[in-house]
Amino acid sequence: MAGKINLNPVVPPLPRNEDKKKVDVRYMLISPYASAHIYWNKKVNELVYELEEPILTKEEEEVLERVESAMLELINVNVAIEKTLEATTNYIDKTARLLIDELNIGVSSESYDKIFYYLFRDFIGLNEIDPLLRDYFIEDIECNGIDTPLFIVHRMYRNLRTNLIFNDFDKLASFIEKLAQRTGRYVSYAQPLLDGTLPDGSRVNATYTKDVSSRGPTFTIRKFTKVPWTPTQLISMNTLSPEMLAYFWILLDNKANILVTGSTSSGKTTLLNALAFFIPPEARVVSIEDTREINLPRENWLPSVARTSVGVGKIGEVDLFEILKSSFRQNPDYLIVGEVRGKEAFVLFQGMASGHTSISTMHSDSVDTLIRRLQTPPIDLSPTLVNSLDCVVVTTHAVAKKQETRKVREIVEIVNVNKDGTALVNTPFKWDPAKDVFYSKKQSKVFEKISTRTGTPIEKLYKDLATRAKLLYELYKRKIFGFDEVGWIINEFHKNPVGVLNKFNIAE
Ligand SMILES: Nc1ncnc2c1ncn2[C@@H]1O[C@H](COP(=O)(O)OP(=O)(O)OP(=O)(O)O)[C@@H](O)[C@H]1O
Ligand SMILES: [Mg+2]
């Protein structure tokens, strides 16, 4: 990309301080020029979010202004943003250099980089809001008019005042016009309400007013966050049986390690997210992904994304590896890894071996292939490390009743990985494609392990399995599918199982 701009710096794991007064974090949004600084501001006695951008000298500011106005005359921004980001960026870069040449202004390369950042931000991006839109942690951005700071909702630190403020009525109004244009809509004083979607999926609501007695135009941007499918939704799609889900529930309650495998687009990530609903509510969870897909119904959760620049391949792998290493310093009870691909597998399996529970996905077409891939380069784990894995779930594409669906083909327990790398397995659940039914064997080696380790009688585990399967089936029958509702019931069950069972009329 032109200049030194990196739009995808690594998202750091942020500390969740109990004491807000101790918060003081800084992370890159558009590297190396724009960063977020969140800290306790003693003057206002609250946590604040400050956008930090390059400071321009008077001369640099003048150059920026001249180039900007010359450029405005030259280009049609509408046309410019329809091309690819890269092409547009290069175009801005070329044009800016040309103009600087023509206007005969001498600019050092350091100054030029800073100036280019602002050109990029204002021509391609959404002005000073642009770095905020690129902040992984921001859920909402809110502007209540002129002369009042913008507020954001931060995933980790919730409502924060920012240092961004529109002081000028016309500037804010033209920003709303820009938002409208980016959503492909039109606002005017006759049609002052904007309700649209930005290209990245974020929702925009805005009011466009010329009533000077009010605070002026307002806008809210609700950033795109994926709402994943819940366990009961997966039951409704017949992806797996309530009993299979109950089995995972018990495994996760008892700190078993689960890996979801399957071919491309077989529903691994979707299942992974649904399984994460069963992680005990009080546990500390860290999730690691390349692209943001996972979303959990819980408070105690630290998401991190290893952002990879498109087309750079290997670098992404290193990022995931680094993040995984630093994640263990966060001391999670449960670790969710979006997709295991390379050498980060080693860190993950070591983590499992030392008592950190993990759930993850990995691409492969069968358990045999998976076990082999884990033990050959580039992953190259020892049989002992592979043994830390308790259970592998295989997902698959299937056409049932002429409908394209996803199925859990089998649940395979790793009983033991031999010295020669072969694995002794047990298969408690299996899908029969001919009849489209799930068979269960009622004998789980992982339950035996759990029973030995925790002292819970094995009969109790099977009884719990049956009860929880009944509960999940009942929720499905009552069409309780919502993310928050299902999340709440499952979390509540951890605290007050009898209460929840009574509520849904389920006998133990
Ligand atoms: N249980 C399911 N029933 C029906 N459709 C599903 C199910 N799970 C996932 N899908 C659909 O299949 C697609 C792929 O799902 P998902 O991203 O979970 O698969 P994946 O195996 O993780 O893919 P990838 O190989 O890209 O990581 C999605 O579009 C999703 O809507
Ligand atoms: Mg996936």
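In this predicted model, a polar side-chain atom of Lys-268 lies 2.9 Å from an oxygen atom of ligand 1. Backbone atoms also take part: a backbone N or O atom of Ser-266 lies 3.0 Å from a ligand oxygen, and a backbone N or O atom of Gly-267 lies 3.0 Å from an oxygen atom of ligand 1. On its own, ligand 1 has 620 Å² of accessible area, of which the protein covers 71%.

The wider surroundings of the ligand may be considered next. The shell around ligand 1 consists of 13 residues, and the closest are Thr-239, Ser-265, Lys-268, Thr-269 and Thr-270.

Attention now turns to strand E11. Is this strand, residues 285-289, enclosed or open? Five of its five residues are buried, so strand E11 is largely enclosed by the rest of the structure. Buried here means under 20% relative accessible area. Both faces of E11 are covered: Val-286 and Ile-288 are buried on one side, while Val-285, Ser-287 and Glu-289 are buried on the other.

Strand E11 also has a partner. It is joined by four bridges to strand E13, residues 334-337, and the two strands run parallel.

Methods: Residues are numbered from 1 along each chain as its sequence is written. Chains are lettered from A and ligands numbered from 1 in the order in which they are written. This is a predicted model: local features need pLDDT of at least 70, side-chain atom pairs count only at pLDDT 80 or more; totals for chains, interfaces and linings use all residues. Side-chain values use heavy atoms; hydrogens and water are left out. A residue is near a molecule or strand if one of its heavy atoms lies within 4 Å of it. A polar contact is a pair of N or O atoms within 3.5 Å; within protein, one must be able to donate a hydrogen and the other to accept it, and residues adjacent in sequence count only if both atoms are side-chain atoms. Accessible areas come from the Shrake-Rupley method with a 1.4 Å probe; for residues, only the protein chains shown count as cover. Buried means under 20% relative accessible area, exposed over 50%, partly exposed in between (1.4 Å probe, protein chains only). Two strands pair if DSSP finds at least two bridges between them.
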